[in-house]
Amino acid sequence: KLRTFGPGFIEPVIRLTETWDSFSLFKIGSEKQHLKIVLDNGLGVLKWNDADLFDEINSSNKIEVLGKVDVSEFMGNISVNIIGDSIRCVE
């Protein structure tokens, strides 16, 4: 569904709308300055330097994330994530 994606093509922007019962929320980083959202299907959403949104997101019933697909490697584990450009509460 994301064709064509590769050298010379614009990266697609993904929009996810999720309800609270379909994701888990964590603060990550050495100073807990980043957010990580893990969807029930295992897909991760990373939002750099926005841990101040934790309480707002945690108390929301629904969120919308705009971001781009990326492959991340951390401590030898490779995973596909959405790198969030913006996260907002929609309910």
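What share of the contacts in the protein chain with a separation of 6 or more is accounted for by residues 24 or more positions apart? The share is 49%, where a contact means heavy atoms within 4.5 Å.

## Basis of the report

The structure is a predicted model, in which local features need pLDDT of at least 70 and side-chain atom pairs count only at pLDDT 80 or more, while totals for chains, interfaces and linings use all residues. Residues are numbered from 1 along each chain as its sequence is written, and side-chain values use heavy atoms, with hydrogens and water left out.

## Overall architecture

The protein chain contains 1 helix and 6 strands. Helices (H or I, at least four residues) and strands (E, at least two) are DSSP runs, numbered from the N terminus. In sequence order, these elements give the pattern β-β-β-β-α-β-β. The radius of gyration is 13 Å, close to the 12 Å that the globule rule gives for 91 residues, so the protein chain is as compact as a globular protein of that length. This radius is taken over C-alpha atoms, and the globule rule is 2.2 Å times the number of residues to the power 0.38. The C-alpha trace spans about 40 × 30 × 20 Å along its principal axes.

## Surface and charge

Of the 91 residues, 33% count as buried. Buried means under 20% relative accessible area, exposed means over 50%, and partly exposed lies in between (1.4 Å probe, protein chains only). The protein chain exposes about 6200 Å², of which carbon and sulfur atoms supply 51%. Accessible areas come from the Shrake-Rupley method with a 1.4 Å probe; for residues, only the protein chains shown count as cover.

## Buried serines

S72 belongs to strand β5, which covers residues 62-74. With a relative accessible area of 17%, S72 is buried. Leaving aside neighbours within four places in sequence, S72 is in contact with L46, N77, I78, S79 and N81. With N81 there is also a polar contact between the two side chains, at 3.0 Å. A polar contact is a pair of N or O atoms within 3.5 Å; within protein, one must be able to donate a hydrogen and the other to accept it, and residues adjacent in sequence count only if both atoms are side-chain atoms. Between S72 and I82 there are 10 residues of separation in sequence and 9.6 Å in space, C-alpha to C-alpha.

S22 lies in the loop between β1 and β2. S22 is buried, as its relative accessible area of 14% shows. When neighbours within four places in sequence are set aside, the contacts of S22 are with V38, L39 and D40.

N49 is located in the loop between β4 (44-47) and α1 (54-58). N49 is exposed, with a relative accessible area of 55%, and has a positive phi of about 55° although it is not a glycine. Not counting residues up to four places away in sequence, N49 touches Q33 and H34. N49 and L25 are 24 residues apart in sequence and 14 Å apart in space, C-alpha to C-alpha.

K32 sits in the loop between β2 (23-28) and β3 (34-39). K32 is not a glycine, yet its phi is positive, at about 55°. A relative accessible area of 49% makes K32 partly exposed.

G8 is placed in the segment before β1 (14-19). G8 is exposed, with a relative accessible area of 85%. G8 and S79 are 71 residues apart in sequence and 24 Å apart in space, C-alpha to C-alpha.
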